[in-house]
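Subject: Two-chain model for you to look over

Hello,

Here is the model I promised to pass on. Please open it next to this note.

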Amino acid sequence: VTAIARPLALCEGALDIESLYAQHARYVAGVVHRILGRSDGEVDDIVQETFLDAYSGIRAISDPLAARAWLVTVAVRRTRRFLARQRRRQLFAFWASDFAPRASDPRDRQPVDDLYDVLERIPADVRIPWVLHRVEQLSLPETAAACEVSLATVKRRIADAEERLERRLGKTP
Amino acid sequence: MSLEDLVASARENGPHWDRARASRVLASTVLVHERRTVRARVVRRVIAIGSASAVMALLFFRVAPSSGAVSAHDESVIVSVDHGGDGGYARD
């Protein structure tokens, strides 16, 4: 049983938005949070947009067991758009970009902050499949479906991200 | 710290998704959805009314001239100029 399919056994029944939200919002927020590496208003915005899309698109899903995978795909798409927008903003307004450290006090800095500092320098198309596969522990076909790319592409991107991370984390003292 | 350790710590790093935050996000989702639904309905109605008015205006302007008086320029007048038929040789 895969990571996505396991909790889906709980979500049989009618697909109304509130029960869908109650069942999957925490999971979707977790996925978005782990891709972004932070837990502020951006995660809430992306979760909100994901469930707004669910209002219009959920009727297209005939199988209620597929709802979680569908929501993850929408959330990943929204997160990718957010990261692209953020990158554009940094390109065109680099003087106004946020260079604040993740923790104001170095003693509060978590080990995971090092990982996300490196991940932020990796393109979103490479970063997202790696996080979904390695951190979220989705299988390769689930990752490919969530990222809306082929299995071969997702394998190549994960290997690319792994190589970049090893190289950049190896450089940091 | 190795990559595997960092991945393990990232897995533990979840959002603080409590009941208050969940209900706040749900409330704003429902509110935004209602606003978008109302806006879409208004836009649909405006488009429908606008299209209907445009069709009626088009029909009116198409029908109005044909129901009026007969135009004075209905029959064309052919003006012919007689050069005498000699090709100008009479002047020579």
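Below is what came out of the analysis, chain by chain and then where the chains meet.

First, the ground rules. This is a predicted model: local features need pLDDT of at least 70, side-chain atom pairs count only at pLDDT 80 or more, and totals for chains, interfaces and linings use all residues. Residues are numbered from 1 along each chain as its sequence is written, chains are lettered from A and ligands numbered from 1 in the order in which they are written, and side-chain values use heavy atoms, with hydrogens and water left out.

**The two chains**

Chain A has eight helices and zero strands. Helices (H or I, at least four residues) and strands (E, at least two) are DSSP runs, numbered from the N terminus. Chain A has 173 residues, and 46% of them are buried. Buried means under 20% relative accessible area, exposed means over 50%, and partly exposed lies in between (1.4 Å probe, protein chains only). The accessible surface of chain A is about 9,100 Å², and 53% of that belongs to carbon and sulfur atoms. Areas come from the Shrake-Rupley method with a 1.4 Å probe; for residues, only the protein chains shown count as cover.

Contact means heavy atoms within 4.5 Å. Take the contacts in chain A between residues at least 6 apart in sequence: 68% of them join residues at least 24 apart.

Chain B has two helices and zero strands. It has 92 residues, of which 14% count as buried. Chain B exposes about 7,800 Å², with 61% supplied by carbon and sulfur atoms.

**The core**

The largest nonpolar core has 57 residues. Such a core is a set of buried Ala, Val, Leu, Ile, Met, Phe, Trp, Tyr and Cys residues joined through side-chain atoms within 4.5 Å. Those with the most contacts inside this core are A:Y21, A:V47, A:F51, A:L115, A:W130, A:L132 and A:L165. Helix α2 (residues 17-36) of chain A gives the most to the core, with eleven residues.

Look at A:L115. Not counting residues up to four places away in sequence, A:L115 touches A:W130, A:L165 and A:L169, plus B:L3, B:L6 and B:A10.

**Where α6(A) meets α1(B)**

How do these two helices cross? The axes of α6 (residues 124-135) of chain A and α1 (residues 3-12) of chain B come within 10 Å and cross at roughly 85 degrees. Axes are lines fitted to C-alpha atoms, for helices over the stretch in contact, and angles run from 0 to 180 degrees between N-to-C directions. The two helices are therefore roughly perpendicular. The cut-offs: under 35 degrees is roughly parallel, over 145 roughly antiparallel, 65 to 115 roughly perpendicular, and the rest oblique.

From α6(A), the residues are A:W130, A:R134 and A:V135; from α1(B), they are B:L3, B:E4, B:V7, B:A10 and B:R11. They divide into five nonpolar, no polar and three charged. Here Ala, Val, Leu, Ile, Met, Phe, Trp, Tyr, Cys and Pro count as nonpolar, Asp, Glu, Lys and Arg as charged, and the others, Gly among them, as polar.

B:R11 is partly exposed, at 32% relative accessible area. Leaving aside neighbours within four places in sequence, B:R11 contacts A:R34, A:R134, A:V135 and A:Q137.

**Two positive phi values**

Most residues other than glycine have a negative phi. A:Q137 has a positive phi, near 60 degrees. A:Q137 sits in the loop between α6 and α7 (140-147) of chain A and is partly exposed at 47%. A:E148 also has a positive phi, about 60 degrees, and is not a glycine. A:E148 lies in the loop between α7 and α8 (151-171) and is partly exposed at 42%.

Best wishes
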